[in-house]
Structure formats: C-alpha cells, structure tokens
Amino acid sequence: MQPDKNLNPDTDDLPLRANTNHILVRHYVLDLTLHFDRKVISGSVVLFLEPSSGSGSKTEDGIGPGSCIIEAGRSHDVYVCRSHNEDTVEDGTEGIGKAMTKVEKILGAGERDGAECQALSGVRAQTPPETEMIQSSHLWETTSDDDFTLVMDCCDLHVSKVEEVDISSVFASERSGVRLVNRQTAFIQNLISMPSNQWRQKHQLFSLCSQAPGAQHGSSLQFYRDQWSLQVRKKGVASAQGFPRALRICYETRPTGGSVRWTKDQDNRVCVYTAGSPINNRALFPCQEPPVAMSTWQATVRAPSECVVLMSGEEEAVPVGDGDTSLLIWNNYVTMPMPASTFTLAVGHWHQVPAEMAPAVERGLKTDCSKTAKLGARPGERVQADQMSGHGSSISEVVKGSPLKTGSGDQTTHSDSALCYSSLEDATLSVTDYSGVVNDSISCSHDDYPCRFTEESTRSQRVIPHRVFGPVSLLQKAQVGVLKLLPRCLAAAHTILGVHPFPRLDVLIVPAGFSSLGMARPNMGNTGQVSDSGSSMVKHALNPDKTFMQVHYLKGYFLLRFLASQVGEQQFIHFFRLFVKKYHGQLILSQDFLQMLLITFPDLEREGLTLSAIHADWLDRPGIPKWLYERSAVWSQARLVEEVKAEVVKWILLSQRHQGKGRKRKRIEPKVNYKELTSEQLVVLLELLLEEEELSVPTMLALQRTYSLQDQDAEVQHRWCELVVKHAYTQAYRDVEHFLVHYQAMGVYLYGELMVQEDPQQQALARRCLSLVQEEMDQSARRVVEEMVL
C-alpha cells in the first residue's frame, strides 16, 4: 500500500484505512508520558484483537483446542484456564496474586522494553519529525504480500517498535501439551468475551497482559507507516485468524500533530488537549477510526505533579507518584464500547471550580456534603472519605493540598473544595419527568457492558455528580456562568432523554484556540466506496472550510422542530426517551431515528410524511424548506420578537436624527427609554440593525453603552463586532480585537469581513490579530484565516 502522495490535505478526502472487516481492536491499553519541555507524548498502546470472522475448528462444546475459559466465583474471584488436556484453577485471592507474581518476575524484561521505546523516541526527537512521511522496520521488505496485514489509521506519529506481547505468564501452567500460540489465542478470546458483571477482573487482566514482555524467538513484527496508516505483518502468517491477538506499539507524537493540540491557557501556561479534529485521534495513537470499530480502553498517563489530567471515561481512586520522578500517574478506563474518536485527553494547570452555591440556587438544590473529607486537615494529613461511585461504594483517601481524583462517579478534591453531590428538589426546574415510564417493553439491545439503563436508581437520578475545571483567572466566572447552570442543564437533558449514560460529568473551560464549532460525522451516502477490508474515505473531510459550515446543524434543529409540530411537543419528548432507550450504546443513522418515528406515529405516513419525503425536503436538498419559510412568518410575530422590532425602530430614528443634524447648531436630544432585552433578543436586535445601510457614530456609541455589548456573551459580541466592522466604528475596534483573540473559532468570519471592506485600517487590524494568535490558533481555522488575510 503506497503513500498518498497526490492527496491535498486542505481540500481532499480523509482516508479510513483500517481493515475493520478483517480484524477489530476490542480493547486498547495506553501507557503515555507527557513531555512539556518537548511538547510530545511518548509511550505505547497495546491492542487486543479479534478477527472479524470465525477462527479455526471447534470441539462439540464450541471450545477450540487449547481454549481458555475465564470464570468468576460469587464469594471471591476465580480464574480458570482450561485447556483440552487439563484444568487449572486459581482462586482470586491467591490465584490472581500468582499471576501478578509471574508478571512481576518478567517485568524486568518489560521495563527494558519500555526503556527501549523511550530511548528510541528520544533519539528520533533530535531530528525534525515533520519532514518524514514514510517509515518502516528494517525487515519490512522481507515480508510477503501474501502475509496478512493489520492496517491501523495513523498519522503524525513516530513509531519506534511493534511487537507481539507474550502473555503466557499470565495464564495456566506449562504442563499442557497444547501449543502455546493456541492457548494465548484462546485466553485473549475469552478475556474479550468476559461478561459485563466481571468488568473489574477483565480490566485487571487486560492490565496484566499489557505489562507482559514482547514475544521472542522469531516472533518479531514488521511495520510500515505512510501518511495515513500503520501496517503490521508477522512473517509467514497469512490470515487474520493466525495473527497475534495482542501487540504493543511504541511511539511518540509530534509537537504539531493534528490530533494533539499544545497551546497556552488563559493564564498563559502550557497545556495540551486532544483537538477533536477531522482526523480524530489517529495522531494521538494508532487506532481504527471507522465508527463501527467500537472498543473499550484503559489509559495510564504520567504528567507533572502540578498538572491535572482529565480524560473521558472513569477514574481510578487517586493519582499516585511515579517513583523518584516529579510525575503523577493517572488512570482512566471505559466499560462501554465506543469509537476510538471518543477518547479525549486534557492536561494542564487546571483547578476545580469551588462548589459554592448562591442562595437563590441553594433553594432549588439539595447539597449533601455529609460524606465529604474535612477541609481543616493539615498538609499531608490523610482523612477518610466514603463516596458513592457509579458502580458501588468505595473508600478514597484525600490529601490536603493535592489535586486528587476519586473513584468512578466521584468528585475531585482540592485544598479549597469538598466532595459534594447535588440533586434537584425544585420541580419547577424541570417541566416534565418521565422517570416513571418503564413499562414500554424496550430492553437493551447493545453488546454486553455495565449499562446504567438497567439500574433502577439511575432512572430518577436527574442530576449526576459534576465538576468544572479551568484556569485560575476564570474560576469565578466559571462558578457563576457554568457551575450553577449545570444542575438545570442536566435535569433538562434527563427530562428529554432519560437515563444519563455515564455516572459523572466533567466540564473544562478550554483555551481560546479550541475549535468550538461542530464535529459531525458525514452522511453515509457521501463516504467513499467501502473495500472488502473495510477501508473507505470521508469526502472533503480535510477541507478546512467545512469546519465552519453550520447549515447542517441549523437544518437539523428546525427538522426536529418540524417533527415535533406534527406529533405534539410532549409526545415528541416522550418519543425521544423511547428512542434513546432502544438505541443507547449503539451506532445509529438518521434513518434509524426517522423510521422509528414513523412506526411510532403511523398517522404521519397516512398524511404523506414519508421517509423519502423527509429526505427530499430536509436532508438531500440544499436551501430552506417550504415549512420553514411559512413558520418564519409566524415566529416573527411572537411577542419577544415584536419587542425587539419596536426597539429597532427607536434606534433607526435616533440614527436618522443624527444624520440630519446641522453641524453648527447643537440640538437637545429627546430622552428615549430603551427596553431591557435578553441576550437572545440582543442577537435579533443587532442582526436587524445589520440590515441598515448606515448608522451614525452617536447611535453606535449609545448602543454600546445602553446594552454593555462588550460584556455580553459571545453570540451577542459577535453581532456587535459585525456591526462595528460594517460601519467602521473605530472607537470599538478594541472590542473586535478582543473578540478575535478570545473567541478564535467564532472569529473566522470576522476576518473575512475585515478584509472584504478594503479599508486599510481594518485590514491592518486583521493582520495584527492574526499575528497575536496564530501560534495558538486551531490549525483548520488558521489555514482559512491565512488564506483570507495573507
């Protein structure tokens, strides 16, 4: 498979190279170290693989030769490795210890492997990684095209080593006459297949296997990396069924990799986060990008002790020290199979927003801090805190002065905050509650995982535990503007969608350069043709302009409003709950939603609202549907809109009076009372004023002062900046500069407006702002702006 030399990354399609029809990654184990000095992440990822088709012959009971069955007892864990010739039983309290001991005995070799990975990465870092596109192991040419090739989606990574993992030390004795390779294959297969009620043991075994050393004696793997993929072969293995089931990839990211964003936060301190870019996570770790490749994962991240590590998924109890280094080790995991693109990572000098509630909010919230750690502990003093986790109770230790994590579903604690849980008591905060709707005959139809939808207690949990993190300079704003809104937002989501799929929510105030616009998946019909291996492409996914097109979001919103108008709003909300309950934990398409809607409300089709009609009017045709044109006339007559129109008239009259004045004679201005408007009304007001050809300078000044426009939310500020640019209101150019620096993704359109006016002062403003932020700007946004400005 040759590199894509003819692809233009600015305009062309995004390849999905992973051969998911042949083999799937079922679990990732990542072991990563952050290097803030070099702005790279080094480490390894262990892949646990399963061929997509059946493997080998089986006996009458369905167990192949050398199969390994992993079981768990009720009173204590029991691991059984059963081969064709013998049974070996180890109980959890002693047996897992034996397995641990075996792994510890070989960890010396494993640590040497890890050191080798680090050393290779260190040597590689001395040369500019951006200049290299093709990379391969030195014996790649000795493999044959007849050998099976594992293809992973990968770019902007330097791969130093790919090896098969020898997990023989983790399972049964060596007395069996069954071939070792068969027993390893059987062990991994049964490990992958362990039921969800054994997920803790399953993750522990995945961890043990990932620490095993590389296989020796001719089992080395050869690899080849081009621009968009990593290809791995084992010499002489011709099928996916014979390919190793566990392999380790040692690698290092690049400082400018597309999936990893190194920048500075609002306190001017270095931070890093996964960007959710069009290429998703393939520049963070080799993975299978097609959404169909759903998997679980667990990650160990080493970061400087003064930093906080936030990841998607659940956390283990607390970060621990990494030997004699100044690093802390953070551990996260997920139990729900999800696409690799959902893995998120953010590391920085974040602080948790204190959970202090204003009196007005406290009346609607019941805050239970009776089980929190006492805050008066002296430095280094340990106190016990009993917290409820998403999977049961656990005991966690809280250390004064350290940013520590707690278990699944728990809160992080700092020296200035406690572990608190909030639940809504005020029924007025949520209009409708369908928590009692359980007799709908809908049961889980996803693959087996520990599902919250099956837990009775989660149905009425309208507000899950939540935390907000951000830089120090924004903690106070975040407390008022984010933390106090979350309970109401979570309650609203529960009202419409039902059970929260996760036991806890973390919110991060991201740096200004974060691309805050949409990250949709494409219409399946617009992807490239899928090959027999499962590889494909996403049309125009690398076009940077696509990120800033929001039409599909607006049309999606109005389509939902249209459907709700056809069946009734409350019935539509009830349908949402049923839809989420039926399809949670699964990949879905638009037609799945629409087909279930038409089945639930059969009168719609009888009235001519068919699936093909919805596609023709809303999904496949550009422009505004007829229904939306008709409804816009009705919405424009709403009371709130009429209030705005009345205010617009006042401002237009004021501007006309100023334009008609003589310069020699100063007139006394009549006093005008302007109505107080909501932020949504201010958006409409400014958009209507943007239609005016001319607004006087005194009118612009009065607008700014009356509504304190420079202090409003980003949506209002954006319209105000448009107005400033259109009328060349130089006194507020500082507001435009502030917006372009602090709301970089939303400001892309403004750069175009500044340049198209052909005003030298405005064009100089655009260039100055770009020079201030281009180093921290999102790469897609930067390319678009540079094309306009430079």
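**Close-up views of a predicted model**

**View 1. Strand 7 pairs with strand 10 (residues 229-233) in antiparallel fashion through 5 bridges.** Strands here are DSSP runs of E with at least two residues, helices are runs of H or I with at least four, and both are numbered from the N terminus. Two strands count as paired if DSSP finds at least two bridges between them. Look for Met152, whose bridge partner in strand 10 is Leu230. The open sheet here has 4 strands in the order 6-9-10-7, with antiparallel pairing. Its edges are strand 6 (135-136) and strand 7 (149-153), each of which pairs on one side only.

This is a predicted model, in which local features need pLDDT of at least 70 and side-chain atom pairs count only at pLDDT 80 or more, while totals for chains, interfaces and linings use all residues. Residues are numbered from 1 along each chain as its sequence is written, and side-chain values use heavy atoms, leaving out hydrogens and water.

**View 2. Ala346 sits in strand 19 (residues 345-348).** Ala346 counts as buried because its relative accessibility is 8% (buried is under 20% relative accessible area, exposed over 50%, partly exposed in between, with a 1.4 Å probe and protein chains only). Leaving aside residues up to four places away in sequence, Ala346 touches Val272, Tyr273, Val308, Val309, Leu310 and Leu508, where contact means heavy atoms within 4.5 Å. Met311 is 35 residues from Ala346 in sequence, yet their C-alpha atoms are 6.5 Å apart.

**View 3. Helix 6 (residues 486-497) meets helix 8 (residues 569-583).** On the helix 6 side are His494, Thr495, Ile496 and Leu497, facing Ile573, Phe576, Arg577 and Val580 of helix 8.

Definitions and conventions: Axes are lines fitted to C-alpha atoms, for helices over the stretch in contact, and angles run from 0 to 180 degrees between N-to-C directions.
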